[in-house]
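Good morning, and thank you for coming.

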Amino acid sequence: MVAEQTQVPEPSASSEPLLRVRDLTKIYESPGQRIVACEDVSFDVYPGEVLGIVGESGSGKSTVLQCLFQDVEATSGQAFLRSFEDGERSIFDADRRERRELRTHQMAMVYQNPRMGLNLMVTAGGNIAERLLAADWRRVDEIRDKASDYLSRTEVPVDRMDDFPAFFSGGMQQRVQIAKALANNPELVLLDELTTGLDVSVQAGVLDLVRDIQRIYGMTAVIVSHDLGVIRLLADRTLVMKDGHVVESGLTDQILEDPQHEYTQLLVNCVTN
Amino acid sequence: MASATTDRPSSSVRGLIAERGGDFSGYSFAFLDDMAKREIRRATLKAVAIPGHQVPFGSREMPIARGWGTGGLQLTLSLVGSEDRVKVIDQGDDASVNAVNLRRLVAQMTGAEETLDTAEATLIQTRHRIPEEVMRDDQILIFQVPIPEPLRFIERSVAVARGMHAEQDYSRMWLALYEDIVRRGEISAGAGYPVMVNSRFIMAPSPIPRWDIPKLNQADTLFLFGAGREKRIYAVPPHTDVRPLEFEDYAFKTEEFDGLACEVSGATDVYLVESPGENGTSRWTASDTNYADKVAAGIEVNKQW
Amino acid sequence: MSAEPILKVADLEKEIVLHILDDKQVAPLRGVSFDLAEGEFLGIVGPSGAGKSSLLKCLHRTYVADGGRAEFRTEDGDWVDLLSTDERTVLDLRRNELYYASQFLKAPPRVPAVDVVASLLTARGVEIDEARARSSETLARLNIDEELQSSYPALFSGGEQQRINVARALVDPPRLLLLDEPTSALDSENRARVLELLLEARKAGTAMIGIFHDIDMLQHLADHVLVLEDGRVSQYGTPDDIDLPDYIDAAVAEFA
C-alpha cells in the first residue's frame, strides 16, 4: 500500500518547472504602518535543481519561503506546483485540507530554528513518523525502519531514535529536522538559513549533508541564506534580493564572479575582499 | 451523597419529591420544557446524520450536578415517552446510587416503567459500559460522556481540534499512538479507546472498556452520546463501521481474564470487575449485574453482538 | 581540417561595470570572432589583461557577455547561443558537454579528491562505483596516488590541485573544453602527463580552447593560435605562423 518512489529526477533543460512563482507579494499592514516584505517576486524551480536566494536580513528572502510553505499568507501573486492540480491552480488558492497535504506530502520546510520544524515533545523517530503517518503508513515496524533510514541518511545515530530532540545539540536537531523534511520524498524542500544558528564546525557538517543528499537523491530545493558560501556550495542558480525585490538572478558562479547589480557587487566584494 | 431531609429546599431530587409529595404536575413532562427537548432532538438528528461528529447543544441546568450524567440524562429525557421502559446502569450496575436515582427521576417525571432487564428496556442510559446482552434495533443506548473530544489529550485548543476533525487531520493522533507504542510497547489507552467512525471521524466512545469497543461496530442499535458539561451530542447510528485505531502490527486487543469466572454466574466470557472479598481475597464478578443475575437464574442470554 | 564546426563566435563583447568603483568601466572584449571544429585545439595567447580569461568565462557563462554570439552545436545537433540561451540549458550543457577548467581548483570542502572527480561522472548518470574507479584511474595517470585520492584537495599543493582539476576535465572528456592555464603550477613531468591526456581527448573529438603559457604545450596541441590584445584578435593562424615567444614571454613575466 505504501509505495515510495526513490526517484532521482534526471535534470534536463527540456523539463517543465516544478515550481513557478509569479509576482509574489507580501505586505504587512497595520494602522499607520505598511511594510512591504517582498514584492513581485517571480522565479521558476526545475526538477533536481537547487535555487538559492541570497540577501541581507530584511531583504524578504525568508518571507518568500514562508509564503510558499504558507506559514504566512501571501498578499498577492501566485505559485504553481507541478503536482498540485497539474500546476494549473495556484497553491495560494488551496483550501485548508489541500494546504495540509501540500505541507505534509508535496513540500517540506527546514527552519533556521529547529523548534519551528520539530516537535520537541515527541521522539526523534516520532517526528519523522508524523509525516509518514500523515501519508497513511500504518505499520509501526515499517515506520521505524523508514525513520531509521532517514536518520542514518542524515547521520543521526539510530540508537537515539527514541530520544527527545529537546536534549539534542543544535546540529543534531537540525539533522533530525532535515530527516523529517525528507520523509515522504517531498517534491520540493525549502531550506531557511539552515546553518545560521550553528557553530562553524557544525555548519560544515550540515552543509555537507545537504549537498550529499542533493547529489544522491536529486532533491529539488530552494535555499535561503545570507551566506554566499552556503549559496556557492549548494545552489545552481541564485536570486539576489534587496528590500523585498529581486535585483538580480543568474547562474550562481555568474552571480559571484560577474555580478551585474550594484548591490550584488557590494555583497560579493564584502565576502571575497 | 448525604440524604436530604423534608425541610431542606428543593435542591435535590429527593427534596423535590418530598416537597411535592411525589406530585410533579407543575413540571413539564420529562422535566425539560418542550423547546429544550426539541432543541436536543434537533441536535440528536444532526448527530445521527453525521456519525461520530460532535454537535453542540444548549446543555440545561439539571437537578443533578454536572459530571453526574447530565448529558445522558438530557438525551434520555428528550426521547423518553410514558410507554418506555427505562434502564440505567453505572459501570454495568443497575443498583448503584446514581443509577437508581436517575432511573427513578426519569420514571417519576414521565410515568415510564423502570426495568433492570436489558432485553426488556427500550431506553438504556449507561455510564462506562455496554451491556453484555446484545441489543436490538428497537432499543437505544445512551452514553454519559465526560470528555467528548478524543483529540483533547493532543490538542488543548477546542478550535484547533475542531479544525482537525473538519479536515480529517488525524496524523497527530496517530503520532500519539506511535509514541505510546515506543514508550510502553503497546497502545496504553484502556477505557475510552479512540475509534474511527464511518471512516471519517475519530470519536471518544466514552470511558467504556476495550471489551465493549467491538460492540459499537455494525450494531443494530442506535448509540447516542451526551456530554452535559461540554455541551456536545454525538451518535453512532445502527449499522455503522466503528473501528478502534490500531496499527497493522500492533492490533487492538480486548482485556483478557485468563482463568477467571464470574462468582455470581460462573460465566467466563464477560467483562469482570474485582472487588474485595473476605480475608483479603479478591472477588471477581461480571460488571453487568443484570447479565450475571439472568445467567445465574438459568435464563439464556444472547451476547453475540 | 574537415571536421564539423562546433562553435562559431562572432563579435563577442564584454564590459565590466563596477558600480562600487564609481561606475568604472573595464572593457576586456571588443568584438572577438573565431570558429572552432570538433577535435580542434585553439590556443589563446596575449598579454595579461588582454581578456583571455574573460573570453573563456563568457563562453562558460560565468560572465555575462554584452554583445555578439557564440553558437555551439550540441550533441543533439541543435545550435544554441551560449551567450544568450537560458540558464537551464547552460547548466545542462555544463553537466554533459561543456567544461571549464580554471587555474585554481574550486572543489567543495571536505570531499575526497576521488569524489571531487567522480561527482562529475555521477552527475552524468554513472553509477558511483564505476565513477570512482574511472576517477581513480585518471588521477593515477596524473600522479595522484591512492592516499592523496582519499584526502581533501583543500590541503593539497597548487600543483596537486591543478591535477585534480585536469582530472575533472578529462575523466570523461566533454565536447567542448575550456582550459584556463590549467598547468601553470606543474613541473615538466606532470605537464607531459597532462599533455598525453589532452592529446587523447583531442583525438577522441573534444574541441578545446586553451590558455597556456607553455610553448611546448601549444606547439604539440594547438591547431590554431589566436592572439588577443586589448580585447581584440590581433593575429590568428597555426602555431608556426605566429611568433609565440613574443606573447608568452611577456605574459609569463607579468604572471611571475
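Between chain A and chain C, about 2300 Å² is buried, and carbon and sulfur atoms give 51% of that area. Buried area here is the accessible area (1.4 Å probe) that two parts lose on being put together, summed over both. Leu251(A), Glu257(A) and Asp258(A) supply 24% of what chain A buries against chain C, more than any other three residues.

This is a predicted model: local features need pLDDT of at least 70, side-chain atom pairs count only at pLDDT 80 or more, and totals for chains, interfaces and linings use all residues. Residues are numbered from 1 along each chain as its sequence is written, chains are lettered from A and ligands numbered from 1 in the order in which they are written, and side-chain values use heavy atoms, with hydrogens and water left out.

Chain A brings 28 residues to the contact and chain C brings 27 residues, where contact means heavy atoms within 4.5 Å.

How many salt bridges are counted between chain A and chain C? The count is seven, a salt bridge being a side-chain nitrogen of Lys or Arg within 4 Å of a carboxyl oxygen of Asp or Glu. One of them joins the side chains of Asp253(A) and Arg94(C), at 2.9 Å, N to O.

Finally, Ile20(C) lies in the loop between β1 (5–18) and β2 (24–37) of chain C, strands being DSSP runs (E, at least two residues) numbered from the N terminus. Ile20(C) is partly exposed, with a relative accessible area of 32%; partly exposed lies between buried, under 20%, and exposed, over 50% (1.4 Å probe, protein chains only).

How values were computed: Helix = DSSP H or I, 4+ residues; strand = E, 2+ residues; numbered from the N terminus.
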